[in-house]
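Please consult the sequence and the model shown here alongside the text.

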Amino acid sequence: MNIAFYTLGCKVNQYETQSLREAFMRLGHTPVGEDAPFDAVVINSCTVTAESDRKTRQVLHRFRRENPNAAIVLTGCMVQAFSDEARQLLSDADVIVGNTDVMKTVELTERFLKDGEKICEILPHTRKERFNTPDITDFAERTRAYMKIEDGCDRFCSYCIIPTARGFVRSRPKEDIKKEAEELAKKGFSEVVLVGINLSSYGKGEDMDLCDAVDAVCEVEGIKRVRLGSLEPDHISDSMLERFKNQPKFCPQFHLSLQSGCDRTLKRMNRHYDTAFYTDLVRRIRKMFPSAAITTDIMVGFAGETEEEFKESVDCLKAIGFAKAHVFAYSRRKGTVAYGLPEQVTKAEKSRRSRIMCEAAAECEAEFLKTMVGSTQKVLFETYENGKAFGYTENYSRVFVSSPEDLNGKIKEVNIISATADCLAGEML
């Protein structure tokens with residue numbers, strides 16, 4: 001049968017969708033694009049914000065309306081976190097299954113395709129769980145491959161539903177990481193990005209840490225660059241930074257989740273650091289990695305955030321000078337501590353603060369890119385259009401060069417000659 005896939009949310013979800021795609025292929029099914037005729041579609045949901053839930057329901061209704069005879073499978077974080085609400089979607093979905101076991105989605109879909117009886121199975125996460133996402137051998141239509149090496153989170157930030165959706169921390173064995181990296185290298189991938197729900201917790205409770213995972217991938221011939229996904233700043237030590245520095249394939253981009261530049265707001269968020277710690281960590285990273293790009297996530301309009309606290313957050317962002325910042329407005333989530341906090345910020349005010357913070361972030365990005373003019377960078381090229389090749393430096397800055405040929409998948413040295421607001425222009429050496 002032809003099976004389509006639709007993914008909402010993060011890189012971990014994208015990885016798990018690829019794992020599902022390959023599992024269905026092994027059973028003789030044919031993966032197709034969502035615009036092609038299909039017999040079944042798997043929707044991998046996200047629940048990080050209320051808007052994510054709305055998009056999931058919208059996508060589900062659209063697929064049912066446009067494909068009345070197809071089997072529709074709904075899985076992912078929204079299903080797991082809000083199981084009661086998910087069960088109510090059986091009017092549109094034929095199979096609803098949680099995310100405790102990726103292969104369970106395949107098993108239940110096969111059962112429905114055989115007997116036609118609707119299924120809803122959402123099992124709770126337990127502390128006995130182990131990392132059980134199947135390996136992948138490819139990553140569709142990408143120059144770099146994402147590799148999930150960790151699942152779960154036990155931080156319980158006051159605004160976040162993810163610990164409910166993903167369960168407790170569990171880590172992938174190092175030997176499995178290396179094995180998958182070898183398969184990806186055979187397919188021609190030059191870069192691997194390690195991702196997880198709380199990536200910096202990799203190895204918690206076991207005799208290993210994130211550096212070991214990086215080393216496992218770097219050992220593989222053919223993999224030229226290794227990059228990390230989002231990190232919790234209080235998990236990053238000087239000893240870890242030293243090991244990263246001594247690994248030639250490590251890419252100096254650190255996505256350190258800030259969330260707020262105001263200590264009072266951070267405390268209400270139940271974050272485990274303050275702005276002084278964060279700023280000092282950035283200083284130490286830049287000392288070890290002079291060309292490092294520090295990127296982040298920052299929230300506006302959290303419950304109780306005053307105008308003064310917001311201005312402190314903007315000032316902190318400017319003072320640090322991020323290479324890029326993902327700005328988003330606080331979204332209330334049932335089941336979290338922050339949902340019931342007083343002094344909720346209005347939607348209009350959150351929109352205003354988002355605009356201001358985005359403007360500050362854009363200024364920081366433009367200033368950071370200017371610092372790279374005159375340098376020589378190794379660029380992994382990914383796309384080609386209208387005589388221009390586009391790619392990314394080791395610190396994940398976007399670059400384009402004029403080129404008579406498609407350089408997709410190649411790493412070339414490039415002189416950076418100018419910078420725009422969000423991209424660098426270069427010349428091939």
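The model is a predicted one, in which local features need pLDDT of at least 70 and side-chain atom pairs count only at pLDDT 80 or more, while totals for chains, interfaces and linings use all residues. Residues are numbered from 1 along each chain as its sequence is written, and side-chain values use heavy atoms, with hydrogens and water left out.

**Overall form**

- The chain contains 13 helices and 19 strands; helices (H or I, at least four residues) and strands (E, at least two) are DSSP runs, numbered from the N terminus.
- The radius of gyration is 22 Å, close to the 22 Å that the globule rule gives for 429 residues, so the chain is as compact as a globular protein of that length. The radius is taken over C-alpha atoms, and the rule is 2.2 Å times the number of residues to the power 0.38.
- The C-alpha trace spans about 65 × 55 × 45 Å along its principal axes.
- Of the 429 residues, 55% are buried, a term that means under 20% relative accessible area, with exposed over 50% and partly exposed in between (1.4 Å probe, protein chains only).
- Contact means heavy atoms within 4.5 Å; among contacts between residues at least 6 apart in sequence, 73% join residues at least 24 apart.

**The barrel**

- Five strands form a closed barrel in the order S15-S16-S17-S19-S18, with mixed pairing.
- Strand S17 (residues 398-402) runs parallel to strand S19 (residues 424-428), joined by three bridges.
- In S19, Ala 425 is the bridge partner of Phe 400 and also of Ser 418.

**The open sheet**

- Four strands lie in the order S8-S7-S9-S10 in an open sheet of mixed pairing.
- Strand S8 (170-171) and strand S10 (225-228) stand at the edges with a single partner strand each, so one side of each has no neighbour in the sheet.
- Strand S9 (residues 191-196) and S10 run parallel and are joined by four bridges, with Val 193 partnered by Arg 227 in S10.

**Nonpolar cores**

- A nonpolar core is a set of buried Ala, Val, Leu, Ile, Met, Phe, Trp, Tyr and Cys residues joined through side-chain atoms within 4.5 Å.
- The largest core has 72 residues, and those with the most contacts inside it are Leu 194, Phe 244, Phe 254 and Leu 256.
- Helix H8 (residues 210-218) supplies the largest share of this core, seven residues.
- A second, separate core of 19 residues includes Met 78, Leu 89, Ala 93 and Ile 122.
- Beyond its neighbours within four places in sequence, Leu 194 is in contact with residues including Met 147, Ala 213, Val 217 and Leu 228.

**Ser 257**

- Ser 257 lies in the loop between strand S12 (253-256) and helix H10 (263-269).
- Its relative accessible area is 3%, so Ser 257 is buried.
- Leaving aside neighbours within four places in sequence, the contacts of Ser 257 include Ser 230, Arg 271, Tyr 273 and Asp 297.
- Ser 257 and Asp 234 are 23 residues apart in sequence and 10.0 Å apart in space, C-alpha to C-alpha.

Note on methods:
Two strands pair if DSSP finds at least two bridges between them.
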